[in-house]
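My notebook is open, and I want to look up a few things here one at a time. Come along and check each entry with me.

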Amino acid sequence: MMHVAFLLLIVFTDGASSKKVCSYQDVLDHLNLTTDNSVFKLTRPILDYTHPTIVELDIILYAILAVIWNNERISWDPARFCGITQISVPRDMLWKPDLFIYEMIQRDDSPLNPYMYVSHDGTIISEEDMKVVSTCKMDVHKFPFDTQRCNITIGSAIHCVEEIRLLPFSNSSRATQFSREVMKTQGEWEFLQLSVANYNFTFHDRQWEQLIYTFTMRRRPLLHVINFLLPILFFLSLDLASFFIADHRGEKLGFKVTVLLAISVLLLILNDILPSMSNKTPLIATYCIVIFALMLLSLLETILVTYLMEKDSASQEKLRQTDNWEDKQEKVKIDNCNTEEKRQTCCSCICKVSDGEKQHELLPVAEEVQRYRFRCNIIIASQVDKIV
């Protein structure tokens, strides 16, 4: 009985000792990554320098940049390490392709992912969240109903096409679908399409390869229509309605000047909204200039009408003053007739004789010379007797 128990103990012990314990450290030790081996950092990871390193890129509009390449010095058998097919290692332990974005004008300040994924077949995957501030040639001729296309060009700094080949990991339709799925908010812009294409160029007898991602976006015009286009149209309507204001008042001219100043403020706001890199004049600028010119002509018309009315009023006032002066002159002449020297010339007589009767009529004179009428009648009567 003791022998049987001993044999069972031996069997159980052998079974326990044959169970294999695996860890990621074993894989790192196998790959010789735990020591400071500069071979994995400084040189391109190939066994034959004539073989190019294939780098696959995948960009999503949500600012995720996935870079995949193959390291020929790294490989292990997953069966020897309990089926471990992928491990994560610090970024500084391995070589990375020197990729950069040509249009980028500001350094990325996004937090850097400190790890990379390494597969058992040597495939290395690096994913980074990047905030790209780039230049883009925009066409704002139809602003705010415009559609823009911006490029993100990725290439290597020192490696030509014989050393590094850049291939897209996702085609245009797949990249567009992924971008629409991950985008939670689009703000002023509506995402339409993301296309990818390869481009090669030659410089100093060496050929370089680039991967170009083109983003197509359409502006949402509702905000600009409500905040800009409609107010200008309303101001034009107010300017047209001002023609019903009476011209003899000063409110019409002041009202038009106020509306014109409001349009000027909106033009200053438009100057801040529109980018200054456009080669064509935006239609909205033409629209604002035409309305501004119409309102300016309306203001000049009001000024001209006001000037003519003021000139006509001045002429009427001058004519009224002239009439008053003539009345005064006539009164002075009548006063002069009251003198003794001109009394006879100031009197006249109209005599009518009918039916044997003689009538004597005296022409009336001013009331101021009534006291001299008697003498004039004597003179006139003597003249009538001579005629008879």
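**Entry 1: the cavity.** Before I start, I need one term: a cavity is a set of grid points where a 1.4 Å probe fits but cannot get out, and a lining residue has an atom within 4 Å of such a point. I also note that this is a predicted model.

How many cavities of 30 Å³ or more does the structure hold? I found one. The largest cavity has a volume of about 30 Å³.

Next I looked up the lining of the largest cavity. I wrote down Ser 156, His 159, Cys 160, Val 161, Ile 164, Leu 166, Trp 208 and Glu 209. Strand S8 (164-168) and strand S10 each supply at least two residues of this lining. I sorted the lining residues into five nonpolar, two polar and one charged.

**Entry 2: Glu 209.** Glu 209 lies in strand S10, which covers residues 206-219.

Is Glu 209 buried or exposed? Its relative accessibility is 8%, and buried means under 20%, so Glu 209 counts as buried.

Then I asked what the side chain of Glu 209 reaches. I found the backbone nitrogen of Leu 166 at 3.0 Å. The side chain of Glu 209 also makes a polar contact with the side chain of Asn 198, at 3.3 Å. Leaving aside residues up to four places away in sequence, Glu 209 touches several others, among them Ile 154, Gly 155, Arg 165, Tyr 199 and Asn 200.

**Entry 3: aromatic pairs.** A pair of aromatic rings is described by the distance of the centres and the angle of the planes. I counted three aromatic pairs, and I describe two of them here.

The rings of Trp 69 and Trp 95 have their centres 6.3 Å apart and their planes at 85°, so I call this pair edge-to-face. Trp 69 is in strand S2 (residues 64-70), while Trp 95 is in the loop between strand S3 (86-90) and strand S4 (99-101), so the pair ties together parts that are 26 residues apart in sequence. Both Trp 69 and Trp 95 are buried.

For Phe 100 and Tyr 102, the ring centres are 4.6 Å apart and the planes stand at 40°, so this pair is tilted. Phe 100 is partly exposed, with a relative accessible area of 34%. Tyr 102 is partly exposed too, at 35%.

Technical notes. Residues are numbered from 1 along each chain as its sequence is written. This is a predicted model: local features need pLDDT of at least 70, side-chain atom pairs count only at pLDDT 80 or more; totals for chains, interfaces and linings use all residues. Side-chain values use heavy atoms; hydrogens and water are left out. Helices (H or I, at least four residues) and strands (E, at least two) are DSSP runs, numbered from the N terminus. Buried means under 20% relative accessible area, exposed over 50%, partly exposed in between (1.4 Å probe, protein chains only). A polar contact is a pair of N or O atoms within 3.5 Å; within protein, one must be able to donate a hydrogen and the other to accept it, and residues adjacent in sequence count only if both atoms are side-chain atoms. Contact means heavy atoms within 4.5 Å. On a 1 Å grid over the protein atoms alone, a cavity is a set of points where a 1.4 Å probe fits but cannot get out, and a pocket is an open set with protein on both sides within 12 Å along at least five of seven lines; lining residues have an atom within 4 Å of a point. Grid points are joined across faces, edges and corners, and a volume is the space filled by probe spheres set on the points. Ala, Val, Leu, Ile, Met, Phe, Trp, Tyr, Cys and Pro count as nonpolar, Asp, Glu, Lys and Arg as charged, and the others, Gly among them, as polar. Rings of Phe, Tyr and Trp (its six-membered ring) pair if their centres lie within 6.5 Å; planes under 30 degrees apart count as stacked, over 60 as edge-to-face and the rest as tilted.
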